[in-house]
Amino acid sequence: MVRLRTGYVQEALSAMTDLVVRRLLVDMEQPIARHWCGGDAFRTALFDALSMSFPVGEQFFIDSVRNGFKLLPPEKQEQFRAEVQGFIGQEATHRRLHALYNGHLEKLGLVNDWAPRAAARMKLLENVDVRHWLGVTAANEHFTAILADFILHNADLLGDQDPRLKTLWLWHSAEESEHKCTAFDLYQALGGSHEWRLSWMRRVTVFFLLDTLRQTCNNLRRDGTLWRWSTWKSAGRYLFGQRGLVRLTYKPWREYFRRDFHPSQQESGASQRWLRENSHQFVPVGATPA
Ligand SMILES: [Fe+2]
Ligand SMILES: [Fe+2]
């Protein structure tokens, strides 16, 4: 049991996971309704904000993992090859569908300020040791994995107005949970330090929360619903209520700061269940070469 908590054994176990790249059978050409998420202005604005961050963010994750993989010694590359290919393929597919999604948001009059801000920040990391890129990516992947698990456990809060977007969010969540170990394991395999891992998580947390808040408010302002009482009532409930996002994700977020933390210690049953029960919603495809 003690051995299972050490990074090496878990690294080897998780590197053996087969990441399937899936083409989602949804029609992203159709426009998106203003309040597609259960008719709720706040939840819609929050999910739309997250979607706006994905194309830029996920490209950065792909680059981190691809560049980190290239620096591994040959025998380690063999151990990681299939997983890295799966990771890149999954993130590339997410990027593509969220770019289409974001195109519809633009037509609704929303403006994506998050992506250019994130891109400018990433520029600062050019020529920096790739382990820092992976530290940033592993921290973001932890965020997305705990958020994904929350979304999968609270799928009803996505509403039923747009089954296509509901499927998109649940599929993305299932795959985020599925590949949550990849960046972390690469960071460890390249000798990334514990201190830097925590330091990046602290910074990523501040940026992620501020960016999410800013873009959500921006979306609500352009939607004309920022100053409605119902918007903030919904925000209070969704973030801090009995099934609140902040309330339920705080503990798993905190666990990242443990020295013996590994993403595989956190629950991913909801992801496996969704993928098993929804195989009619996607087609497995070949992965992108690492
Ligand atoms: Fe993703
Ligand atoms: Fe991811």
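This is a predicted model: local features need pLDDT of at least 70, side-chain atom pairs count only at pLDDT 80 or more; totals for chains, interfaces and linings use all residues.
**Close-up 1. The iron ion (ligand 1) and its donors.** Five residues hold this ion: E58 (OE), E91 (OE), H94 (ND1), H172 (NE2) and E176 (OE), at 1.9 to 2.3 Å. Read along the sequence, the donors follow the spacing E-x32-E-x2-H-x77-H-x3-E.

Close-up 2. H94 comes from helix 3 (residues 74–107) and H172 from helix 6 (residues 163–178), so to speak two distant parts of the chain linked across 78 residues. H94 counts as buried because its relative accessible area is 0%. H172 is buried too, at 3%.

**Close-up 3. The largest pocket.** Its volume is about 590 Å³. Of the 24 lining residues, F208, L209, L239, L245 and V246 are the closest to the centre. Helix 8 is the top contributor to this lining, with nine residues; helix 2, helix 5, helix 9 and helix 10 each give two or more. Which classes make up the lining of the largest pocket? There are 20 nonpolar and four polar residues, and no charged ones.

**Close-up 4. The second largest pocket.** This one holds about 480 Å³ of space. The lining has 21 residues, and R121, M122, V136, N140 and V204 lie closest to the centre. Helix 2, helix 4 (114–123), helix 5 and helix 8 each supply two or more of the lining residues. By class, the lining of the second largest pocket splits into 14 nonpolar, four polar and three charged residues.

Definitions and conventions
Residues are numbered from 1 along each chain as its sequence is written. Chains are lettered from A and ligands numbered from 1 in the order in which they are written. Side-chain values use heavy atoms; hydrogens and water are left out. Donors are N, O and S atoms within 2.8 Å of the metal (3.2 Å for Na, K and Ca); water is not among the atoms, so sites may look incomplete. Helices (H or I, at least four residues) and strands (E, at least two) are DSSP runs, numbered from the N terminus. Buried means under 20% relative accessible area, exposed over 50%, partly exposed in between (1.4 Å probe, protein chains only). On a 1 Å grid over the protein atoms alone, a cavity is a set of points where a 1.4 Å probe fits but cannot get out, and a pocket is an open set with protein on both sides within 12 Å along at least five of seven lines; lining residues have an atom within 4 Å of a point. Grid points are joined across faces, edges and corners, and a volume is the space filled by probe spheres set on the points. Ala, Val, Leu, Ile, Met, Phe, Trp, Tyr, Cys and Pro count as nonpolar, Asp, Glu, Lys and Arg as charged, and the others, Gly among them, as polar.
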